[in-house]
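Here are some friendly notes to read beside the model. Keep the viewer open and turn to each place as it comes up.

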Amino acid sequence: MEIINLGKADGLPPVEWAAVAEKLDAGSAPAPDAVNSRTTWLSTINEDGSPHVTAVGALWLDGTFWFQTGAGTRKRRNVARDPRCSIAVSVRGADIVIEGDAARVTDSGALARVAKAWADNGWPAEPDLSGPGITAPFNAPSLGPPPWQVYRIEPRSAIVTVATEPGGPTRFRF
C-alpha cells in the first residue's frame, strides 16, 4: 500500500489505515447528533461523462463496500458501462472516500454472506433463489422490484480526512 500524507506541508501526521478500517469494521457513525449520520454516497459516471451521485444502503464487509440496486436504475446502467466509481461515508472523527471499480457479484456464497451481513444490520435481505441477486420484504421504491443486483467495489485508492486533532488528509493506493 502506498501512503501519501496530503497534510505533510502543514506538519500533520499521516492517517493510519488500520485505524480507519477498524472504524469501518465496527460500523462507526459520526456523532449521534450529526445530520445524515448513516448516509453513504455513491458516485458513478453518466454516459455524457458527468457525475451521478446518489445515497445508497452500502455495507462495509471483507475490507470493501458492497451495494445493491435494481436492474433499471441509473447507477446500475452507469457501472455496467463504466465500472469506475467512488463511495463516501463519514465515521466518528473522519470522512472517507474510496475510489475503485464496481463489480457485479453473482457467486451464491458471496451473495449469501452479504445478505446475512445486511440482515444482521437490520435489513432482512436474503439470497434470491431464482437467480444471482438478493431480495427482502422492502427496499427503496426507486430500485424497482426484487431481485436486486449486488456490487462489490474493488478499491484502487482512498482519501481519509481526520477531523479530530491532529487531523489531516491522507491518500492510500491499494
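1. Lys 116 sits in helix H3, which covers residues 108-120; helices (H or I, at least four residues) and strands (E, at least two) are DSSP runs, numbered from the N terminus. With a relative accessibility of 51%, Lys 116 counts as exposed; the classes are buried for under 20% relative accessible area, exposed for over 50% and partly exposed in between, using a 1.4 Å probe and protein chains only. From Lys 116 to Pro 127 there are 11 residues in sequence and 8.6 Å in space, C-alpha to C-alpha.

2. A word on what you are looking at. This is a predicted model, in which local features need pLDDT of at least 70 and side-chain atom pairs count only at pLDDT 80 or more, while totals for chains, interfaces and linings use all residues. Residues are numbered from 1 along each chain as its sequence is written, and side-chain values use heavy atoms, with hydrogens and water left out.

3. Now the overall plan. The protein has three helices and 11 strands, and along the sequence they run β-α-β-β-β-β-α-β-β-α-β-β-β-β. Its radius of gyration is 17 Å, close to the 16 Å that the globule rule gives for 174 residues, so the protein is as compact as a globular protein of that length. That radius is taken over C-alpha atoms, and the rule is 2.2 Å times the number of residues to the power 0.38. The C-alpha trace spans about 55 × 35 × 30 Å along its principal axes.

4. Next, burial and surface. Of the 174 residues in the protein, 41% are buried. The accessible surface comes to about 9200 Å², and carbon and sulfur atoms hold 53% of that; the areas come from the Shrake-Rupley method with a 1.4 Å probe, and for residues only the protein chains shown count as cover. Among contacts (heavy atoms within 4.5 Å), residues 24 or more positions apart account for 61% of those with a separation of 6 or more.

5. Which residues touch the most other members of the largest nonpolar core? They are Trp 17, Leu 24, Phe 65, Ile 96, Ile 98 and Val 160, in a core of 24 residues. Two or more residues each come from helix H1 (17-25) and from strands E5 (64-69), E6 (84-91), E7 (94-105) and E10 (149-162). Such a core is a set of buried Ala, Val, Leu, Ile, Met, Phe, Trp, Tyr and Cys residues joined through side-chain atoms within 4.5 Å. Apart from this core lies another one of 17 residues, including Leu 111, Ala 115, Ala 117 and Val 150.

6. Leaving out residues up to four places away in sequence, Ile 98 touches Trp 17, Trp 60, Phe 65, Cys 85, Ser 86, Ile 87, Pro 155, Ser 157 and Ala 158.

7. Is Thr 64 buried or exposed? At 1% relative accessibility, Thr 64 counts as buried, and its place is in strand E5. Beyond four places in sequence, Thr 64 touches Leu 59, Arg 152, Ile 153 and Pro 155. Arg 92, 28 residues away along the chain, has its C-alpha atom 18 Å from that of Thr 64.

8. Compare a residue of strand E3 (residues 51-56), Val 53. Val 53 is partly exposed at 48% relative accessibility. Apart from neighbours within four places in sequence, Val 53 is in contact with Trp 41, Leu 42 and Ser 43.

9. Finally, some backbone details to check. Most residues other than glycine have a negative phi, and most peptide bonds are trans. Asp 62, in the loop between strand E4 (59-61) and E5, has a positive phi near 55 degrees; this residue is partly exposed, with a relative accessible area of 44%. The peptide bond from Pro 146 to Pro 147 is cis, with omega near 5 degrees, and Pro 147 lies in the loop between strand E9 (134-135) and E10. Another cis bond joins Glu 165 and Pro 166, with omega about 5 degrees; Pro 166 is in the loop between E10 and strand E11 (168-173).
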